[in-house]
Amino acid sequence: MKKIFSILILLLAGNTLLQAQINSSTFGMMEARYMGPGTMSGRITDIAGVNSDGKTLYIGTAGGGIWKSTNAGASFKPIFDKYIQSIGAIAIDQKNPKTVYVGTGESNMRNSVSIGDGLYKSTDGGDNWTKTGLDSTEHISKVMVDPNNSSVVYVAAPGPLWNNSKHRGLYKSTDAGKTWETILYISEKAGVADVEIDPTNSNVLYATSWEFRRLPYAFNSGGTGSGFYKSTDAGKTWKEVSNGLPKKPFGRVAIAIAPSAPQNLWAIVESESTGLYISADGGETWKQQSATSNITQRPFYFSTLEVDPKDPKRVYRPAFSFSYSSDGGYSFADASNEGGWVHSDHHALWINPNNTNIMYVGTDGGVYFSLDRGATWKFCNNLPVGQFYHVSTDNQQPYRMYGGLQDNGSWVAPSAAPGGVSNGNWQAIFGGDGFWTHPDPFDADIAYAEYQGGNMQRINIKQGTSIAIQPQAAAGDEKLRYNWNTPIVIGAKNKRNLYAAAQYLYKSTDRGANWVKISPDLTTNDKRKQEQEKSGGLSMDVTSAENHCTIFTIAESPLDENIIWVGTDDGNLQYTNDAGKTWTNVAANYAAAGIPKQTWVSSIEPSQFDANVVYATFDNHMYGDHQTYMAVSRDMGKTWKKFESKEFTGFAHKIKEDFVNKNLLFAGTEMGLFASVDGGNEWFRMKSNLPWYALVRDIKIQEQTNDLVLATHGRGIIIVEDISPMRNINSTVAAQDVALLNNKPITLTMGKYAGGFPNASGDWNGGLPSTITPLQYYLKERANNILMEVYDKDGKLVQKLSPSNRKGYNKVMWNQRSNPPKTAKGGNQMEQAGFLAPQVMPGDYTIKLKVNGKEHTQTVKLVHDATNKDFTMQDRELQYKTGQELFAMNERLATLVDSINTTQSMLKKHMDSTKNKKTKTLLQDYWNKLEEFRLTLVPPVMKGTGDLKRLRSDISDAYTAVVGQEAKPSNLQLQRVAALKTELSKAVQKNQELKQQFEKKVTDAINKEMPKRPEVNKQMKN
Amino acid sequence: MKQLPGFRSTGVTIQNNKKEQMKILKSVSLLLVTAFSFTTIKAQTADEIVNKHVEAIGGTENWKKVNSMIMTGTMSVQGMNLDVITTVLHNKGSRQDVNAMGMNNYQILTPTEGWNFFPIQGQQAPEAMTADDVKDGQSNLDAQGSLVDYKAKGHSVELIGKEEIDGTECHKLKLTLKSGKSETYFIDAKTFYVLRVVSVKKANGQEAELSTTLSNYQKLPEGVVVAMSISVPFGPGVNFDYSISKVEINKAIDESIFKPAK
């Protein structure tokens, strides 16, 4: 009843309520910078190339969507930003290469693997996509288009990793993806991992099934559901292949077929005797071949095996490292590191079938290409798909970003650099899989970083030295259990406090040199969840990735250092308000709000405004539940309110409260960034130049810049610039038709981070931040007609701007300058001065915004930067005055040259028409004198590059030097201005002299000839 | 009243709930149906959308009378103002003159040739365009715009779906020109004006995307409606704006202007 009533109210009030709504599109104009880097990339899951051109490539990534290159890898563009970012497999219909299929959901089933939501299809080379089924498969390992029939498509889906499901197996479509049929189904536990088609006979198919399962604390690969199958009727019927293969049970089986001799097959079979098996009779019989560990290790993770399209003896095994065979798989060599190290852990290989020397390999650290059949490799340093777990920032200028990445260590980089932040600005500070990485709050040279399983160190960034600081078990302690992603946290209230945790919480006040254990075991300590040594299934796989019953998150209250919150991976949420003497577990309380009990407590955010308020996120995906769980408690965890929104997708990683506006919240999930401007009642997806389903693992708000800094697991670090509009546009503002938003004084600046060398290495560049505060406004509706002008306090127009007209938040960059001076005509090109206007002086300026004919005004105060000791207000005044003098000189010269040009064209006209020889000579003489004079002022038009230096360039050079800098003009600059002024005055004088010499004579001569042209006199007085 | 996706699904949830609520529901759903009737009309076809668009900009009949167009305006970015005159003689030639502080720069395109002359960049003589550039620019010779009478012109249109552009819901259409070049049009779902055109320029084995945003639509005495403001992104918060002050339709044009000056 209540619900219906509220619907009625909403309906009646609908119109006004709706229009005031703040949603995804409101902040669409906020900029996002993709910091990458490209120096270490991220996990690549598939590579598909267009056979016919060899230069169109589609790169599938673990968490960064799809990147397309149309130039063989010189540049890449993301083409899947509105969809799920975890990509399993890509297939191109080579007969119609604009048709591309993408199976979402990676199938490299490691602990941190993400999921997909089905199959997508594009018929225009990736410009537009439509979902075409298999929504619940979660993981797709391979998509194949029948090379002989474009309507037939096969999809191998291992299926869900964390739970039983019917949505797995081998699917077939005979109508190019419209409808699907399951043609090989094993069980709710086993899906299909690999499929091959005999290119010479499309009825012959090979497929392998795979039984596998993860739990939060264990992994199993292998079981009775795993097997090897062959069909000779295009999938109608299947027979199991076993002759010569090892004894079952199998684990994951990778297969390869030689395209040029398809009777030849290779298989890596995970089993009690995992090995390489070769068949020469279309899979009927097999023989084991001895192989190095690179060929056979970690089969659940390395499932790629490829054969050269032309040479059936050339077999490739991208795995931990890159192996290749020239004798049909009997012996393998490893790729050389000559010319550059190749990142380990390979998952994808595309060989150009028309030039098989050329190939691309996808690794856990990006894409490499080879021009010599895989012997040596070169890195594509322009794919910013790094998988960060966490990010931190410091307070330097520019601030630095710190973060740890899956498989790619820990790094630090400035958030801005001349020419934009590129690969070379990033510094590696620690290895392994990187997680939490922090700057020391008191020493810019020191950082804290770790690799998997809590191996943490204090690092001197400058010296490149480090000290192990991992807390050790004391006598009487249980064996320490460190999470794969072990928390290291700096106190939010007392920044001298450093925390780290296993199942116990540790605190250090001397940068990790010494630790105090400040809690008992805060986990459930469930022994059934601690049998990690048995993990892996058929192949042992003990990497700390399954460590469980550990502390996963720590948060000190920003208001009271005695209040510390701790969350575990097995559902406990505990706090102390006496710095660790006593602990209270509130797990049952959040469960009462409808959040499952055993979840990972993925983040805790104690409020900066009220010590009793705490936000938390909960992640239950390892039990097959991918829902978004987030909640707030306003009474120290006694009661919880779960946040609800139809917008939510993906399990929750992080919730962040703004430090200015307590109602502004951000949340990062496995599938998107969300925001609320009303304390969590309503949420909307952030689409401000962001991938809609980005895997957002961590969020920081940098205090000086108000930048939102995101650690994404697949798109590197993303900086959403200056979120202050989100603080200012509340429902009251949003209800107005137009609102001007510059309520604070704006500091005058010419900007920073100029210079920088062009991006010669072609690497990824994160661009430059805007360093000049823009003019900002809100439009309730898109404006058809919009104008913006800036006036000074005397009402004089300073500059006309080109404002945007979008619905929601808008901004326009005013360079804080007026208009450039008019420069004299002449020569080959325009002077620099013609492009550069003087900066305005501090003071009040009126912004006039005309929207659809209606004017809105706001006064904006521009202020001098008093903190800049190198440029005082007196300096500014002198600089402005000098700049204005030079401005006037540019224009005075322009007027002079215009006057000469006018006279010359008049002379020319009469010279051409006169028949009187004497008059002609007189006119020519004046013209010649003027020309000679003119060419001392401006350069001649000449063949070639550049212009000769004349008075115009002298004035322009002095002008641009003075107005182009935030500095007091130098003594010589001032002297130069005086000298040029004299020179200019002399030129004006010279023109007068020529006039006196010729004017009367010329006028008389012309008048004599054409008495009816009185305007001649008038013209010559210019 | 605008579309409210949330409401409809809430209604569905309730319908799935208890039976005793059915009575009240009936009246509610009636209200819902009335309120949202226009959002539930069947999906529009590409043709319907193009027709509505052409109607919104003055109708086929008026546009088919357009044989030439001269647009006078200024391009401005950060206080730099350039005078720009665009002249199009339907299917015969187009010319854009850009005057920068007394220096005239131009681009000329005809069905078979094209020239660029940008002395502001130090160019000293007009340079002929490549065949690819000439081919790529052909749609500029259509004074009526590609969507007017598109079928007769040999173009085809595909409806991709709906997409939000700068907060405004748009129909997304893919126009494939007779030449094979394709352009994506975003047509405002309310006004049916073109809000943005995205084209990919392919020449010499390279691709470059160009996005043009149109606004300030005004009706001319000839009955046609044209965008008087054309904007191209130039950097964060900065647009390159072409603001048109005067449009002359069917003024006689001397075809010799479509040859570079000697």
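Which residue forms a salt bridge with E831(A), and how far apart are the closest N and O atoms? The legends below, drawn from a predicted model, begin with this pair.

**View 1. The salt bridge between E831(A) and R952(A).** R952(A) is the partner of E831(A), and the closest N and O atoms of the two are 2.9 Å apart. E831(A) has a relative accessibility of 9% and counts as buried. R952(A) also counts as buried, at 3% relative accessibility.

**View 2. The salt bridge between R481(A) and D521(A).** In this pair the closest N and O atoms are 3.0 Å apart. R481(A) is found in the loop between strand 38 (465-468) and strand 39 (488-490) of chain A, and D521(A) in the loop between strand 42 (516-517) and strand 43 (536-537) of chain A; the pair therefore ties together parts that are 40 residues apart in sequence. R481(A) counts as buried, with a relative accessibility of 9%, while D521(A) is partly exposed, with a relative accessible area of 22%. Both residues are members of a network of salt bridges that links E478(A), R481(A), D521(A) and K527(A).

**View 3. The salt bridge between K534(A) and E531(A).** Here the closest N and O atoms are 3.7 Å apart. K534(A) is exposed, its relative accessible area being 64%, and E531(A) counts as partly exposed at 45% relative accessibility. Over all chains, the count of salt bridges comes to 61.

**View 4. An open sheet of four strands in chain A.** The strands of this sheet follow the order 19-20-21-22, and their pairing is antiparallel. Strand 19 (253-257) and strand 22 (287-289) of chain A are the edge strands, each of which pairs on one side only. From one strand to the next, the twist averages 25°. Strand 21 (residues 275-279) of chain A pairs with strand 22 of chain A over three bridges, in the antiparallel sense. Opposite L276(A) stands Q289(A), a residue of strand 22 of chain A.

**View 5. The largest nonpolar core, with F666(A) and M726(A).** This core holds 45 residues, of which F666(A) and M726(A) touch the most other members. Strand 56 (residues 696-701) of chain A contributes the largest share of the core, three residues. Leaving aside residues up to four places away in sequence, M726(A) touches F27(A), M30(A), L664(A), F666(A), A675(A), V677(A), F684(A) and M686(A). Another core, of 43 residues, lies apart from it and includes W63(B), V66(B), L173(B) and Y217(B).

**View 6. Chain B, with five helices and 13 strands.** Chain B has 262 residues, and 50% of them count as buried. Among the contacts in chain B with a separation of 6 or more, 42% are between residues 24 or more positions apart.

How values were computed
Residues are numbered from 1 along each chain as its sequence is written. Chains are lettered from A and ligands numbered from 1 in the order in which they are written. This is a predicted model: local features need pLDDT of at least 70, side-chain atom pairs count only at pLDDT 80 or more; totals for chains, interfaces and linings use all residues. Side-chain values use heavy atoms; hydrogens and water are left out. Helices (H or I, at least four residues) and strands (E, at least two) are DSSP runs, numbered from the N terminus. Buried means under 20% relative accessible area, exposed over 50%, partly exposed in between (1.4 Å probe, protein chains only). Contact means heavy atoms within 4.5 Å. Two strands pair if DSSP finds at least two bridges between them. Axes are lines fitted to C-alpha atoms, for helices over the stretch in contact, and angles run from 0 to 180 degrees between N-to-C directions. A salt bridge is a side-chain nitrogen of Lys or Arg within 4 Å of a carboxyl oxygen of Asp or Glu. A nonpolar core is a set of buried Ala, Val, Leu, Ile, Met, Phe, Trp, Tyr and Cys residues joined through side-chain atoms within 4.5 Å.
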